[in-house]
Each structure stands twice: as C-alpha cells, then as structure tokens.
Amino acid sequence: MRLLLLTGKGGVGKSTVAAGTAALAAAAGHRTLVLSTDAAHSLGDAFGVPVGPDPTEVADRLFVQQVDAQLRFQESWGEVQRYLLSVLDAAGVDRVAAEELTVLPGAEEVLALLELRLQVLSGAWDVVVVDCAPTAETLRLLALPEALGWYMQRVFPLQARVVSTLKPVLARAAGVPMPGGSVFDAVERLHAELDEVRALLQGPSASVRLVLTPEAVVVAEARRSWTTLSLYGYRVDGVVANRVFPDADGDDWRAGWVAAQQQVLAEVDQSFVGLPVWRSRYRPAEPVGVEALRDLAEEVYAGADPLVVPTGDGPFRVTRTADGAVLRLRLPLVARDQVDLARTHDELVVTVGSYRRPITLPAALVHLDVAGARVEDGELQVRFRARHDRSRGASA
Ligand SMILES: Nc1ncnc2c1ncn2[C@@H]1O[C@H](COP(=O)(O)OP(=O)(O)OP(=O)(O)O)[C@@H](O)[C@H]1O
Ligand SMILES: [Mg+2]
C-alpha cells in the first residue's frame with residue numbers, strides 16, 4: 001500500500017494536487033482513497049460533489065473522505081473526557097468551562113490521523129493520498145505521535161504508579177474521583193494507535209510531497225518544511241510547483257510575472273536538489289471535477305509514475321566506524337550553527353529553530369560518547385566514540 005501526503009502553505013493547491021494525484025492513481029487501476037485532515041474540507045469542492053465522513057465513490061476505484069473529527073473524538077477520548085469532567089465537577093468548576101478545558105488542542109487533526117490508520121489497516125486500498133492542513137499545523141501534527149510517545153514513556157508509568165499508591169488515601173481524603181482502569185486504558189490505546197500512525201508515516205512506502213507556488217515567501221516556507229519534515233523522519237520525495245504562468249504573448253504585465261516566476265523557479269530547482277520538481281500550469285479556470293483534476297495531474301507528473309516508491313536511505317541511519325559509530329540524519333538546507341544538540345543518557349535532542357526532536361538512541365549507541373558533529377551534504381552526522389574509562393584513568 002502506497003501512502004502519499006501533500007502539504008504546503010495555505011492556498012497553494014494542496015487539495016487540488018492531492019485530488020489530481022488520486023484521480024490519476026485510480027485511472028491507472030489502483031483502489032484509491034483521498035482523505036483530508038483539514039477541517040476546511042475543500043476536497044468536496046475540488047471534486048464538485050458532496051462528500052461525507054465515510055469514503056464516497058466519485059469515479060471508478062476513486063473514493064473521497066472528509067473525516068468527521070467530532071465523531072472520532074467521542075470514540076477515542078470520550079472516556080478520558082468523562083473522567084476529567086468528574087474531577088472538575090468535584091472541584092466546583094462550572095460545567096461549560098469544564099467542557100472547554102477537557103477539549104484536546106489540535107484534536108481534530110490528530111483524530112483524522114487515527115482515521116487514516118483505520119483506512120490503511122482495512123486493506124481496502126492500494127493507494128491512500130492525504131490532503132494535509134497548511135504546513136505549520138501539519139508539522140505540529142506529524143511531530144505529535146513521537147512527542148506523545150516520549151511523554152508516555154517517561155511520565156505515564158510514573159503517574160500510574162503514583163496513582164495506584166495514593167488511590168486509597170486520596171479517595172477518602174479529598175473527595176476527588178480517581179481514574180478507573182478504563183481511563184488509563186483509553187490513554188494507552190490512544191498512544192499505541194498514534195504510535196502506529198507514526199510508524200506508517202515514516203515507513204518505506206510513505207512519502208510527503210511539498211506543493212508550492214513560484215513566489216519567494218512560499219518557497220522559503222517550503223524549504224523550512226523540507227528541513228523540519230526530515231528532522232522528524234518523514235521522507236520528502238518531490239515538489240510540485242503549481243500555478244506556473246504560461247509564456248506571455250507580448251503582454252507586458254504578464255511578461256513581468258512570467259519573468260519573476262522563472263527566477264523563483266530557478267531557485268526552487270537549486271534549493272531542492274535531488275528531488276524532482278514537477279510543474280503545473282496556471283489554468284484559465286479552477287480545476288474542478290475528476291476529469292479536470294486528472295488532466296492537471298497528468299501534466300504535473302508528465303509521464304513519470306506518481307506512485308514510485310522512493311529509494312535510497314531513509315532519513316535516519318547508523319553506521320559503524322573503527323572506534324564507534326556515526327548517526328546520520330537527513331537535514332537538508334541547514335548549516336551546523338543552526339543545529340543544536342543535547343545528549344542525555346539514552347537520547348539525543350536535535351533542535352532546529354523552534355522544532356526539537358528527542359531521538360531515542362539505538363541500544364548500540366547508548367554506551368558511547370558523542371565525539372563531535374557536523375553538517376555535510378544536507379546531512380547531520382553525529383560521531384560516537386567508545387567511552388573513556390575514567391575510573392581506570394585511561395591516559396594512553
Ligand atoms: N493550477 C491551477 N490553476 C488554476 N487554479 C488552480 C490551480 N491549482 C489550484 N487552483 C485553484 O486555487 C484554489 C486553491 O486551491 P486548493 O484548494 O487546492 O489549495 P489548498 O492549498 O488546498 O488550500 P487550503 O490551504 O485552503 O487548503 C482553488 O480554487 C483551486 O481550484
Ligand atoms: Mg486544501
């Protein structure tokens with residue numbers, strides 16, 4: 001099963017390209033689902049038909065789905081929410097305010113990811129195309145399963161222990177309801193499911209495509225996205241430059257725009273070295289409906305297979321050296337001084353700008369010391385060396 005995610009700045013054409021790519025895949029004989037994690041739900045508009053919360057068939061083998069986040073929220077989080085409400089109620093918090101407090105921030109998108117998991121596991125699809133929310137939200141979302149995993153591993157077992165120890169005491173003393181086993185079960189289930197989603201998205205048959213328009217600010221954001229997606233272990237396998245003006249026919253105003261776009265497109269080619277940069281012409285009308293979308297995608301991929309599985313190394317790998325190992329992380333478009341590293345016993349925290357990823361070190365690296373780091377050819381290389389045995393005063 002092939003999993004494709006389309007992301008990019010607001011309004012650049014993510015939904016259009018996602019829908020077009022899916023239409024092309026279906027036409028090539030694949031059972032295809034395109035689903036949206038975006039609350040704005042413009043997929044229905046792109047296909048020009050009403051689309052429901054379950055997969056809706058819009059052409060042969062082509063299904064569209066707009067996830068009903070509210071429904072999924074109740075299913076996954078309802079148990080936890082009911083418990084939190086009982087606690088707040090015991091504390092005398094007003095019911096309406098309490099409901100506000102128990103809503104998970106960003107829950108809608110997270111739950112759209114849970115739906116993605118269900119669809120992938122259903123075995124009904126050869127191809128699943130995900131129309132993501134604009135970049136910033138998508139990045140936050142894609143970083144979440146890992147961040148939550150980190151939190152769960154460290155805080156949750158501790159909390160569970162504390163709770164079981166204090167339970168009899170608290171229940172008598174404060175009148176605060178204690179969480180039942182089912183609350184912990186619900187949290188644990190949510191964590192396990194999000195972890196599966198993460199594994200799917202970072203897996204060998206998944207990749208992310210960046211959609212952009214040839215404008216300097218849009219390209220700048222796409223560059224940062226490439227770096228950040230790589231930081232979190234997601235594989236970017238191509239760029240779609242959308243809304244490219246056709247050549248001007250002697251019209252000065254248009255000639256000005258065409259020239260400006262050509263300059264930005266040259267920068268795009270330079271920035272995303274190693275990735276295919278596909279182009280899509282600015283159409284005289286909105287591409288709406290299966291046929292128009294498929295036409296657009298045919299032009300974009302220009303005969304190339306839109307589903308080809310990216311080859312080469314994943315974003316993260318470890319190689320042995322004579323006296324230790326090197327951990328390599330794809331980190332395109334950054335310089336060494338933009339990367340901050342911190343090491344604790346079993347993890348390496350990599351920070352780029354405001355994004356930070358705690359990487360749990362493979363067992364083989366835990367007992368080695370960090371000996372240095374550099375950035376070369378779009379790759380962060382962290383050198384590990386056998387630990388200096390200070391207790392024996394090794395000075396040779
Ligand atoms: N190549 C194109 N030529 C003409 N119109 C286009 C082209 N690509 C997209 N559009 C139109 O531009 C508008 C925005 O496209 P789309 O909804 O796909 O963007 P988006 O990135 O998904 O936006 P959002 O961030 O709001 O989700 C739509 O009306 C769409 O029909
Ligand atoms: Mg959209």
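Guide: Welcome! Two strands count as paired if DSSP finds at least two bridges between them. Keep in mind that this is a predicted model.

Visitor: Thanks! How many strands are in the chain?

Guide: The chain has 396 residues, of which 34% are buried. Of the contacts between residues at least 6 apart in sequence, 72% join residues at least 24 apart. The chain holds 11 helices, and its strands number 15.

Visitor: In what order do the strands of the open sheet with E11 run?

Guide: This open sheet has three strands, and their pairing is antiparallel. E11 (339-343) and E13 (355-360) each have a single partner strand, so one side of each is left without a neighbour in the sheet and both stand at the edges. From one strand to the next, the twist averages 20°. The order is E11-E12-E13.

Visitor: Which residue of E12 is the bridge partner of aspartate 340?

Guide: Strands of a sheet pair through backbone hydrogen bonds, either parallel or antiparallel. Here E11 and E12 (residues 347-352) pair in the antiparallel sense, over five bridges. Across from aspartate 340, the partner in E12 is threonine 351.

Visitor: Now to E1. Which residue of E6 stands opposite leucine 5?

Guide: Strand E1 (residues 2-7) pairs in the parallel sense with E5 (residues 127-131) over five bridges, and there leucine 6 has aspartate 131 as its bridge partner. E1 also runs parallel to E6 (residues 206-212), to which five bridges join it. In E6, the residue opposite leucine 5 is valine 208.

Visitor: Which helix lies across E12 and E13?

Guide: Look for residues 216-231, a helix that lies across both strands. This helix runs at about 175° to E12. Its name is H8.

Visitor: Are H8 and H9 roughly parallel or roughly antiparallel?

Guide: Two packed helices are described by the angle between their axes and the distance between the axes. The axes of H8 and H9 (residues 252-271) come within 10 Å and cross at roughly 10°. Angles under 35 degrees count as roughly parallel. That makes the relation of H8 to H9 roughly parallel.

Visitor: How many nonpolar residues are in the contact of H8 with H9?

Guide: H8 brings Ala216, Val219 and Arg223, while H9 brings Val264, Glu267, Val268 and Ser271. By class, this contact has one polar and two charged residues, and its nonpolar residues number four.

Note on methods
Residues are numbered from 1 along each chain as its sequence is written. Chains are lettered from A and ligands numbered from 1 in the order in which they are written. This is a predicted model: local features need pLDDT of at least 70, side-chain atom pairs count only at pLDDT 80 or more; totals for chains, interfaces and linings use all residues. Helices (H or I, at least four residues) and strands (E, at least two) are DSSP runs, numbered from the N terminus. Axes are lines fitted to C-alpha atoms, for helices over the stretch in contact, and angles run from 0 to 180 degrees between N-to-C directions. Two residues are in contact if their C-beta atoms, placed from the backbone, lie within 7 Å. Angles under 35 degrees count as roughly parallel, over 145 as roughly antiparallel, 65 to 115 as roughly perpendicular and the rest as oblique. Ala, Val, Leu, Ile, Met, Phe, Trp, Tyr, Cys and Pro count as nonpolar, Asp, Glu, Lys and Arg as charged, and the others, Gly among them, as polar. A residue is buried if 20 or more other C-beta atoms lie within 10 Å of its own, exposed if 12 or fewer, and partly exposed in between; C-beta atoms are placed from the backbone.
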